[in-house]
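Colleague: I am new to reading protein models. Could you take me through this one in questions and answers?

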Amino acid sequence: MPSRQRLTSPALVAGLLLWNATPALAQSLHSERGGLQSSPLAHRPSRTAATLDPLRSLALSDHATVSSFTARRVFEQLVRQAGGTGLTADPLFRQLWDTQNPAPGQPDLPGGPHCSDDGNTVNGAPYVCRTLEGAEASPSTAALDRYVLVGLFNRFDLAPVDGAHCGEYRMSFARFVPAPQVRARNRFILEGVLPNPSPALGLEGCRPVAQAWATLSTLEDPTERRALLDALFFEGLAPGIPPVIHIHHYGDNPAGVGQVRVNMFMQQGIGAPNPWMLREFKLKRRCDSTGCSLRFLPTTVKSTPRGDFFNLQNPGPLAVAFRDYFVTQVEGLAVDDFNRFNYVVPDVYNAAQSSSMPSMGSVDDFLAEFDKTAAPNAFTDALQAELQRIGSPLTPRQLVARAQALSCGGCHDLSRGTDLGGAPGVFPLDFMRFVQTQDILSPQPTPGPGSHYPLSASLTTAFLPFRQQLLGAFLDTPALDARVVTPERGHEVQAGQPFQGTVTLENTGTLAWRDSTGLRAVSLDQTGDLRWAPGEAIHLGQQKTFVFTHTAPTTPGRTTYRWRLQRDDQAFGPELSFTVDVP
C-alpha cells in the first residue's frame, strides 16, 4: 500500500490558505447547495409553503410561459450591456462553443480560449476537445435560433444566510431536434446570481425577489405572469433591482458567483458515441488599450473533485491532500437529510469536466475509484474514525457515494440507484435520458394549452418540495425577531463593587443586526444600552453575546437589569434580563 503523503507544493499550500482566508468565496463555489439548506429555515414549518405551486414559482416548464423567451433575446441583452465590444448575439453564442475546438478555432472569433490550451487541461485536470459541439461555432450553422427554452428555475434556496446575494435564477435551453432524438442533442443553462439590492439588511434585502416568485403561484392571467417573469429576467423588478440576465451575474463580479453550464451529448454515428459531458464557464468582460471583449471562459465544474483522487493508489500530492481534506468533511456529508448533506470542495481539487458515462473511459465514478483499493486501508480507517466520533452509522463508502451524488454527473445520472445510507436511502433519480427537464414537449406532436417539458421525478418528489418549504419559511419569518439563549438566573456580586455580566441572543429574523441600521438593546432601567460593535453583523440563526460592566447596588437584595431590542423606535423580541444578588 502506498504511504500517505502530505501536501508539499507551495502553490497548493497557497491555494488552500486562500480558501481558508475567504470562507464566503469558498461557499460560493457550490453549484447546488451551500445556501439556505443549512439555515434554521430548513426546519421551520410554513403556512405559506402550502399556498405555493412549485410548477409556477420554482420550476416553470409549461410551453405557454417558456416559449415567449428566446435564446436570441438573452444574448442580445448581454452584448448590449457589454457595450463597445463590437459583438452581436451570434458571435458571442458561437464563441461559447468555439471553446470546444482546438486552437486557433474559428478565424472570425480570435483571442478566445480553446480546449487545446494548456495541453488540454483546465485547473491541471483533463479537458478533451469536443469538435461535434464545436461545430456550433461555425458561422454557417445559425445555431442560436435552434435552441429553445425548456425551463425557468428559481433557486432562492442558494442565497447565503448573510444575504450576500439573493440566489440563482436559471434558464435552461435545449437544441431543438424533432423526435425521436437519436442524435444531435445539446444543452446550455444560464445560472445568474442576483445581487442583494439592500445588502446592509442581510437576507431581508432579498424579500422583494422571493415575494415576486411567490406571486407567480396565484397570478392566473398568462400575460401578467409573463410580464412578471420578464421583469425578473430582462428588465428588473424595481429601481435598484437589476434583471437576472446581466453580464455581471455569470461570474464577472468580485465574488465570482454565477456561471453558465453546458450538457453536451452530440454523437456521430451509431457506433461512436461521445460521453455525455458537463462543463462550466464564466462570462467575462475585459478592456485594454485596444478595446473591450466579452467571452465565455472555461472553468472548473464545482463540487466535483477529480474522481481518481478517491483512489488510494493515486500517490500524487494533490490526490493525497484531497483525501486528507475529505476526512475533515465527514460531519457535513453525514447529515441525515437528503436535501441537506453537503461538503465544500476547494477549487484547487475541482475537475474540468464531469461525465455520467464512466463506461466511456471517464474517471468520474468516485465509487469505482474508491473501490480499487480494498478496505480497510488508511483512507477508510480515517473516515471510519470520524464517523465513530460523531456517532454516525454510515460507512466510508456511503460518504463517497454522497460526495458523488453532489457532483455534476452524479446529480444527473451517475448516482442513479446508489445507496447513500441513513434516511436518504437510495438516490431518488428518475431521468429522461440524463436530464432533469425533458427537451421534447408533452404531449406530442404539436404545442397546445397543456403542453410542457416534463420534469424528472427526482425534481418533483425530492428537490422541489424542499425548496418550496424553504421559500415559504422565509416568507413567513419576520424581519425582526429574537430568542434569548441564556436563561435568567441569579449571580452573586459584592455590594458596591463593579461586576461583569453577559446576555446571549439568537437572531431569528431575516434582518441583519447591525449598529449602522439603528439597532440596539435599550435599557429599561436607565443603566446603559447594549450596542453592536462597528462593522459587526449578526444574521439569521447566529448568536450575539453582549458583555457589560455595572456597579452592584450598595444594599443587600436582588436586582434585575432589563433591556429590549429596538430598531428605529420599534421594539421586538423578548425582554432581556440579568439578575444579581447582593448578600
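Colleague: How many salt bridges does a search of the whole structure find?

Modeller: This is a predicted model, in which local features need pLDDT of at least 70, side-chain atom pairs count only at pLDDT 80 or more, and totals for chains, interfaces and linings use all residues. Residues are numbered from 1 along each chain as its sequence is written, and side-chain values use heavy atoms, with hydrogens and water left out. A salt bridge is a side-chain nitrogen of Lys or Arg within 4 Å of a carboxyl oxygen of Asp or Glu. Searching the whole structure gives a count of 31.

Colleague: Which side chain meets Arg 185 in a salt bridge?

Modeller: Arg 185 belongs to strand S6 (residues 185–195), and its partner lies 254 residues apart from it, in the loop between helix H16 (408–414) and helix H17 (457–476). Helices (H or I, at least four residues) and strands (E, at least two) are DSSP runs, numbered from the N terminus. The N to O distance is 3.4 Å, and the partner is Asp 439.

Colleague: Is Asp 439 buried or exposed?

Modeller: Buried means under 20% relative accessible area, exposed means over 50%, and partly exposed is in between (1.4 Å probe, protein chains only). The relative accessible area of Asp 439 is 5%, so this residue is buried.

Colleague: How many residues apart in sequence are the parts that Asp 439 and Arg 187 tie together?

Modeller: The side chains of Asp 439 and Arg 187 meet in a salt bridge of 3.4 Å, N to O. Arg 187 is buried, at 6% relative accessible area. Because Asp 439 lies in the loop between H16 and H17 while Arg 187 is in strand S6, the parts tied together are apart by 252 residues.

Colleague: Is Lys 372 buried or partly exposed?

Modeller: The side chain of Lys 372 forms a salt bridge with that of Glu 369, at 3.1 Å from N to O. Glu 369 has 6% relative accessibility and counts as buried. Lys 372 has 47% relative accessibility, so it counts as partly exposed.

Colleague: What is the angle between the planes of Phe 370 and Phe 379?

Modeller: Rings of Phe, Tyr and Trp (its six-membered ring) pair if their centres lie within 6.5 Å; planes under 30 degrees apart count as stacked, over 60 as edge-to-face and the rest as tilted. By this rule there are 34 aromatic pairs. Phe 370 and Phe 379 form an edge-to-face pair, with 5.9 Å centre to centre and an angle between the planes of 70°.

Colleague: Why is the pair of Phe 499 and Tyr 561 called tilted?

Modeller: Phe 499 is in strand S13 and Tyr 561 in strand S16 (residues 557–567), 62 residues apart. Phe 499 is buried at 8% relative accessibility, and Tyr 561 is buried at 6%. The ring centres are 5.9 Å apart, and the pair is tilted because the planes lie at 45°.

Colleague: Over which ring does the charged end of Arg 33 sit?

Modeller: A charge sits over a ring if NZ of Lys or CZ of Arg is within 6 Å of the ring centre and within 35 degrees of the ring normal. The charged end of Arg 402 meets this rule at 4.9 Å from the centre of the Phe 341 ring. For Arg 33 the distance is 4.8 Å, and the ring is that of Phe 341.

Colleague: Which side chain does a polar contact join to that of Glu 506?

Modeller: Glu 506 is found in strand S13 (residues 498–507) and is buried, with 13% relative accessible area. A polar contact is a pair of N or O atoms within 3.5 Å; within protein, one must be able to donate a hydrogen and the other to accept it, and residues adjacent in sequence count only if both atoms are side-chain atoms. Here the distance is 2.6 Å, and the side chain is that of Arg 483.
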